[in-house]
Amino acid sequence: MSKRGEGLPGSVDTRRRRGKRALPDYYPFVAEDIVRLCRPRGDGLWVDLGAGEGPVALALAERCQARIILVDPNGEALVAAREAAASKGYADRIHTMRGRAEALPLADRSVDLVVSRGSIYFWDDQPRGLAEVYRVLCEGGQAMIGGGMGSNYPQWARQEFIRRRHKGVRSKGPEAYERFLWLRDPETFAAWAHEAELPEFEVVGEGGKAPEDPRAGLGIWLRFER
Ligand SMILES: C[S@@+](CC[C@H](N)C(=O)[O-])C[C@H]1O[C@@H](n2cnc3c(N)ncnc32)[C@H](O)[C@@H]1O
């Protein structure tokens, strides 16, 4: 029996043990899109919001010299993130803060880039969180908030990921599935952005596409700047 991810570098899917093919790591592809789309100052201050154990920040750290603050309400996840950062030699420029999107523990106009992947779906108040992100951006600062696996992540893996994801959510019943799709709808993102009174924004991505769609898994992102 294979150990986790063995044979596929950076593999993140342990379900191979149950006979499913392991999927390659998508975080490097997410980081690639963030840097390409936002073109942030490489030596600035960045925030990974809803960072969890920090996979996005770690992938970003490989591509920049920025200091990155990981914000998340889950203290245990942040401990794991600090350990992972230290093991990769990033302890001096990856920091953590316990907090929520709706009340960011950061000063006004202090951050060059805020990224948040896979987290906005869990916030209690998305417009409030987006207004907070805008508050902490410095002049010219960028934000990319949403979810997805990166535009260069292999299509077969994106579709397989989405197939498994949709199956998992469907098994929770029709209401859960409907909410899952609603949370990933471009119109929902635009409504949050309007309610947050963002002066300008764009919604990038395809939303809750069916697994059969070749663009499945490209995700949906709200991009804005100050
Ligand atoms: C699915 S995980 C995503 C983790 C990571 N960003 C990734 O891409 O793998 C969602 C994260 O959002 C965090 N979260 C939940 N509510 C939040 C809130 N109100 N503000 C910020 N983060 C929140 C959770 O603690 C969790 O770590």
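Author: Two packed helices are described by the angle between their axes and the distance between the axes. In this predicted model, helix H4 (residues 126–136) and helix H7 (residues 186–195) pack at an angle of about 60°, and their axes are 8 Å apart. Angles of 65 to 115 degrees would count as roughly perpendicular and those under 35 as roughly parallel, so H4 and H7 are oblique to each other.

Reader: What is the handedness of the crossing in which H4 passes H7?

Author: The crossing is right-handed.

Reader: Which residues of H4 and H7 meet?

Author: H4 contributes Gln126, Pro127 and Leu130, which meet Trp192, Ala193 and Glu195 of H7. By class, this contact of H4 with H7 comprises four nonpolar residues, one polar and one charged.

Reader: How many helices and strands does the chain have, and in what order do the elements run?

Author: The chain has seven helices and seven strands. From the N terminus, the order is α-β-α-β-α-β-β-α-β-α-α-α-β-β. The radius of gyration is 17 Å, close to the 17 Å given by the globule rule for 226 residues, so the chain is as compact as a globular protein of that length.

Reader: Which residues come nearest to the ligand?

Author: Of the 19 residues around the ligand, these are Gly50, Gly52, Ala101, Gly118 and Ser119. The shell around the ligand divides into nine nonpolar, five polar and five charged residues.

Definitions and conventions
Residues numbered from 1 in each chain as written. Predicted model: local features only at pLDDT ≥ 70, side-chain atom pairs only at ≥ 80, totals over all residues. Near = placed C-beta within 6 Å. Nonpolar A, V, L, I, M, F, W, Y, C, P; charged D, E, K, R; others polar. Axes fitted to C-alpha atoms, helices over the stretch in contact; angles between N-to-C directions. Helix = DSSP H or I, 4+ residues; strand = E, 2+ residues; numbered from the N terminus. Parallel < 35°, antiparallel > 145°, perpendicular 65-115°, else oblique. Left-handed = near helix turned anticlockwise from the far one by under 90°. Contact = placed C-beta atoms within 7 Å. Rg over C-alpha atoms; globule rule 2.2 N^0.38 Å.
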